[in-house]
Amino acid sequence: MKQLFPRITKIALILVYLVIVAGALVRMTGSGMGCPDWPRCFGYYIPPTDIKELQFSPNHEFKRGQVIIKDEKLWVARETFTTGTSYNEADWEHYTKHDYAEFNPIHTWVEYINRLTGAVAGLAVLFMAIASFSFRKEKKSVVWLSWLSVFLMGFQAWLGATVVYSVLNPVKITLHMVVALIIVGVILTILAKVKPATETVLKHDGFFKKLLWFTLILTLIQVVLGTEVRQFVDDQVKLLGHENIHLVMQDPIINFYIHRSFSIVVLAANIWLFIMNKQKGLSFAKTSWVLVLILVEICSGIAMYNFDFPFASQSIHVVTASLLFGVQYYMILEGRRAKL
């Protein structure tokens, strides 16, 4: 099991990133309320595909907890029962956690796939934690960090539920994204601890290591700013409609200008890092990866603003940001092995 553990950890990391991708697709398609309840979807483990499944019909069996939409409200079956010829309010209770009562099959299934991906990633992280016991004698921190990942995945699932119950509260969406990055960071730390020594010798430079942390902090600030801008975009799309998406950024919030200008600071700091690595021969090869990811970020941002949010541009922007964070943090972990 010890030999397989690095592979198990990589699989868990990939699945966590797939959850981030799925979450980005949810935001891109506006599917955040595709399932208005949690953890089931309209009270079903496999969600409905047709509005008729969410409407009252005579002589139909409803399971306890299943949901219908009536009078623009959600109603939950109190018990398992078969309906009569007419609607009986006593069989139902009003869903009180929020008042969102719409059904869009595409939104429902996009959100359902997001949750399904999260569940698979959670199981992978749990399996990683169980496998980590093979390191309980010589690397106890691997065990603790693995089980911390399990806790964080559970916390992230709970956060996902609060996001739904709050009808996509911006602060909770931002926290949801930050926790996802923390999970990535913890799994990367585990991976670095169990990774065997490589032939590439990284050289130590105190200022370079501080600059690594500085650039990572800049990225986190940029992610938070970007999340707030995306919430503004989502709100504008709801207000104006997708057919008027060209009007969304006519009068943006101040955070958009800060986010856009701050990208220059992020790029400049990482160019500095890249040049220092080359000049001093420190052998941190991933500095070039960072520049590529930042350029993709900038290009996708320009595309969204100037070309009215081309298909997948928002998802590319978000996923690239999470990859950028992962690469930068892993360089910090590599720096701990650098030799004087």
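**Ground rules.** I am working with a predicted model, where local features need pLDDT of at least 70, side-chain atom pairs count only at pLDDT 80 or more, and totals for chains, interfaces and linings use all residues. Residues are numbered from 1 along each chain as its sequence is written, and side-chain values use heavy atoms, with hydrogens and water left out.

**Entry 1: helix H7.** I began with H7, residues 286-306. Helices here are DSSP runs (H or I, at least four residues), numbered from the N terminus. H7 has 21 residues and reaches 30 Å from its first C-alpha to its last, close to the 30 Å expected at 1.5 Å a residue; the expected span is 1.5 Å times one less than the number of residues.

Which residues of H7 are buried? I noted ten names: Lys286, Thr287, Val290, Leu291, Leu293, Ile294, Glu297, Ser300, Ala303 and Met304. Buried means under 20% relative accessible area, exposed over 50%, and partly exposed in between (1.4 Å probe, protein chains only). An α-helix has 3.6 residues a turn, so residues three or four places apart point the same way. The buried residues of H7 pack against helices H5 (206-240), H6 (254-280) and H8 (313-335). Just after H7, I found Asp308 with a positive phi of about 55°.

**Entry 2: Gln314.** Next I looked up Gln314, which sits in helix H8. Is Gln314 buried or exposed? Its relative accessibility is 10%, so Gln314 counts as buried. Leaving aside residues up to four places away in sequence, Gln314 touches Met28, Arg230, Val233, Asp234, Met304 and Phe309; contact means heavy atoms within 4.5 Å.

**Entry 3: ring pairs.** Rings of Phe, Tyr and Trp (its six-membered ring) pair if their centres lie within 6.5 Å; planes under 30 degrees apart are stacked, over 60 edge-to-face and the rest tilted. By this rule I get 16 aromatic pairs. Phe207 and Trp272 have ring centres 5.6 Å apart and planes at 50°, so I wrote this pair down as tilted. Phe207 lies in H5 and Trp272 in H6, so the pair ties together parts 65 residues apart in sequence. Phe207 is partly exposed, with a relative accessible area of 44%, and Trp272 is partly exposed, also with 44%. Elsewhere, I saw ring pairs link Phe56, Phe62, Phe81, Tyr87 and Trp92 into a cluster.

**Entry 4: Phe133.** Last, I found Phe133 in the loop between H2 and helix H3 (140-165). Phe133 has 36% relative accessibility, so I marked Phe133 as partly exposed.

Terms used: Helices (H or I, at least four residues) and strands (E, at least two) are DSSP runs, numbered from the N terminus.
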